[in-house]
Amino acid sequence: MDKAVVDHRIYTIRPRCMAAFIEAFDQLAMPILLRHLGAPLAFYTSSIGPLNQVVHLWGYDSLDDFEKRSAARDADPDFAAYLHATRDLVVAQETRILRPVYLRSLDRQ
């Protein structure tokens, strides 16, 4: 991966509401996110361990890049519709900023 910063997000969804959340995310959030953030590095749901979670990763060239693109997403007038549609579906959200660790042993593979 060649991104200097990764935004790692975990959303915990109300039990038995995952399908509704995924539909709202796909229809309302994803077009906005693709426009401002680009394609995600990964998008998953949990199946073992803590359940009812959506995990997604977004890559950025720097913290400044993350801040600018996140601000553009948040300022998009259409983003409020997604937030409103999912307000009763999201129980919790965790956000982490990750930076890569470069290991010489991985370069040899």
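Contact here means heavy atoms within 4.5 Å.

**View 1. Overall fold of the predicted model.** In this predicted model, contacts between residues at least 6 apart in sequence join residues at least 24 apart in 76% of cases. The protein has four helices and four strands, which follow one another along the sequence in the pattern β-α-β-β-α-α-β-α. Taken along the principal axes, the C-alpha atoms fill a box of roughly 45 × 35 × 20 Å. Of the 109 residues, 32% count as buried, while the protein exposes about 7,100 Å², of which carbon and sulfur atoms supply 55%.

View 2. The strands are arranged in the order 2-3-1-4 with antiparallel pairing, and the edges are formed by strand 2 (42-45) and strand 4, each of which pairs on one side only. Neighbouring strands of this sheet are turned against each other by 15 degrees on average, direction ignored.

**View 3. The pairing of strand 1 with strand 3.** Strand 1 (residues 5-13) and strand 3 (residues 53-60) run alongside each other in the antiparallel sense, and their pairing extends over eight bridges. Within this pairing, His8 stands opposite Leu57 in strand 3.

**View 4. Helices lying across the sheet.** Helix 1 lies across strand 1, strand 2, strand 3 and strand 4, and its direction makes an angle of about 5 degrees with strand 3. Helix 2 lies across strand 1, strand 3 and strand 4, running at about 120 degrees to strand 3.

**View 5. The contact between helix 1 and helix 2.** Two packed helices are described by the angle between their axes and the distance between the axes. For helix 1 (residues 18-37) and helix 2 (residues 63-75), the axes come within 9 Å and cross at roughly 145 degrees, and the crossing in which helix 1 passes helix 2 is right-handed. Helix 1 contributes Ile32, Leu33, His36 and Leu37 to the contact, and helix 2 contributes Arg69, Ser70, Ala72 and Arg73. By residue class, this contact divides into four nonpolar, two polar and two charged residues.

View 6. Val101 is placed in the loop between strand 4 (90-98) and helix 4 (104-107). With a relative accessible area of 63%, Val101 counts as exposed, because the cut-off for that class is over 50%. Although Val101 and Ala4 are 97 residues apart in sequence, their C-alpha atoms are 9.7 Å apart in space.

Key
Residues numbered from 1 in each chain as written. Predicted model: local features only at pLDDT ≥ 70, side-chain atom pairs only at ≥ 80, totals over all residues. Heavy atoms only, no water. Axes fitted to C-alpha atoms, helices over the stretch in contact; angles between N-to-C directions. Helix = DSSP H or I, 4+ residues; strand = E, 2+ residues; numbered from the N terminus. Left-handed = near helix turned anticlockwise from the far one by under 90°. Nonpolar A, V, L, I, M, F, W, Y, C, P; charged D, E, K, R; others polar. Buried < 20%, exposed > 50% of the residue type's maximum accessible area, 1.4 Å probe, protein only. Areas by Shrake-Rupley, 256 points an atom, 1.4 Å probe, with all protein chains shown as cover. Pairing = 2+ DSSP bridges.
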